[in-house]
Structures are given as C-alpha cells and as structure tokens.
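Please look through the structure below, following the chain from one element to the next.

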Amino acid sequence: MEKTNIAVFASGTGSNFETIVKAMEAGRLDCNVSLLVCDKADAKVLDKAKAFNIPTFVFNPKDYDSKADFEQEIITQLEAKQIEWIVLAGYMRLIGTTLLSQFESKIINIHPSLLPSFPGKDAIGQALEAGVKITGVTIHYVDEGMDTGKIIEQEALRVREKEDRDSLQQRIQELEHRLFPETIQRLVSNNLEK
C-alpha cells in the first residue's frame, strides 16, 4: 500500500519538523514527508530539510500580489508531490481560503497551550504571565481563525513553582515531540474520529 504524502509548513528552527522526519525514518510514522514549505529564506528548518534530503518550496509572500496568489502557487507544489495532508509546525501565518478549500479537514497545527487558552503568538509567555498552574499542547484542525479549529488532541502539563520560560518551553517541546508524531500517525492511518 502506498504511503500517505504529507507536507510540513514551518517558519523557524524546525524542531517539530525534525521530530516528524525522525519518527518517519524510525518507522513510527507511516507516511512520507514529501515537501517542506517555508516562508522565510533564512529559516534554520531549511538546513534540516537539506540534511534529510527533503525537497523544499521557499517563497517570499511579498513577491505575490495577494495571499490567494502565493497559496495557489503552494497548491501547485503540493499537487506535484501528491500531498494529502498539511502539517503546520511553527508556520507563523494564517492559512487562507485558497488552501483551506483545497485541503478541507486535511490541515493540522500544533500549538503550545491548551486551547482555547492563549492562542496566537508567545503562548508560553502568555501562560506564564497569567500565572496558570496547568498548560500544555494542542493539536487541532486549521480553519480561518487564529488557533480556533476543532481540537484533535490535547495533553496537559503542570507549571512548576518559579518556572522560567526556557524550562517551560523545553518541557512543552518534549511533549510536542511525542504527541505530534503519534497524532499524525493516527490521522494518516484513519484511526481518528473526524
């Protein structure tokens, strides 16, 4: 049986991208990471894609007249690789209707909080500032809102006394790196309720 082709979208260092690829290589993730889509030419994730020999599509949104235009170009790239699922892993841009309509219920994102709490940027900083005792990780379907799509999976993490941002971020990333490949595997093998 042919493996499902997924594309990972990332804008930063690519720690979740690397985790997904390593899970695939170790046989824990039964799919192919067939494309990395990146909107920043200097992102460290591109070095990781090169090291893993994974094709990339890098674009600068400013080179296009509209979001619809660059999303249409992304769709062309995705179709060429027969992509079935899009996995957002630190992609810092809202997905527009062009991509959403083409990949309905096939785009997922990971977010470092228990949504609906602390959506958007710097969720870890938001949680620390709010003084919550419990935070965590959410994996959700993507819609047009900021981290508002239907929740697929969540796992909580207790915030320790006097915890600083670096320590909490590291613990959240460890949780992400376990939960994300597990959830992707359940999705691509159709073992997840829609």
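Strand 2, helix 2 (residues 45–51) and strand 3 form a β-α-β unit that is right-handed, meaning that, with the strands pointing away from the viewer, the path from the first strand over the helix to the second runs clockwise. Helices (H or I, at least four residues) and strands (E, at least two) are DSSP runs, numbered from the N terminus. The model is predicted: local features need pLDDT of at least 70 and side-chain atom pairs count only at pLDDT 80 or more, while totals for chains, interfaces and linings use all residues. Residues are numbered from 1 along each chain as its sequence is written, and side-chain values use heavy atoms, with hydrogens and water left out.

Strand 2 and strand 3 (residues 56–58) run parallel and are joined by three bridges; two strands pair if DSSP finds at least two bridges between them. Here Leu36 is opposite Thr56 of strand 3. Strand 1 (residues 4–10) is also parallel to strand 2, with seven bridges, and Ala10 faces Cys38 of strand 2. Between strand 1 and strand 2 the chain passes through helix 1 (residues 15–25), in a right-handed β-α-β crossover.

Strand 2 (residues 31–38) is largely enclosed by the rest of the structure, because seven of its eight residues are buried (under 20% relative accessible area, exposed being over 50% and partly exposed in between, with a 1.4 Å probe and protein chains only). Val33 touches Ile6, Val8, Phe17, Ile20, Val21, Met24 and Ile54, leaving aside residues up to four places away in sequence; contact means heavy atoms within 4.5 Å.
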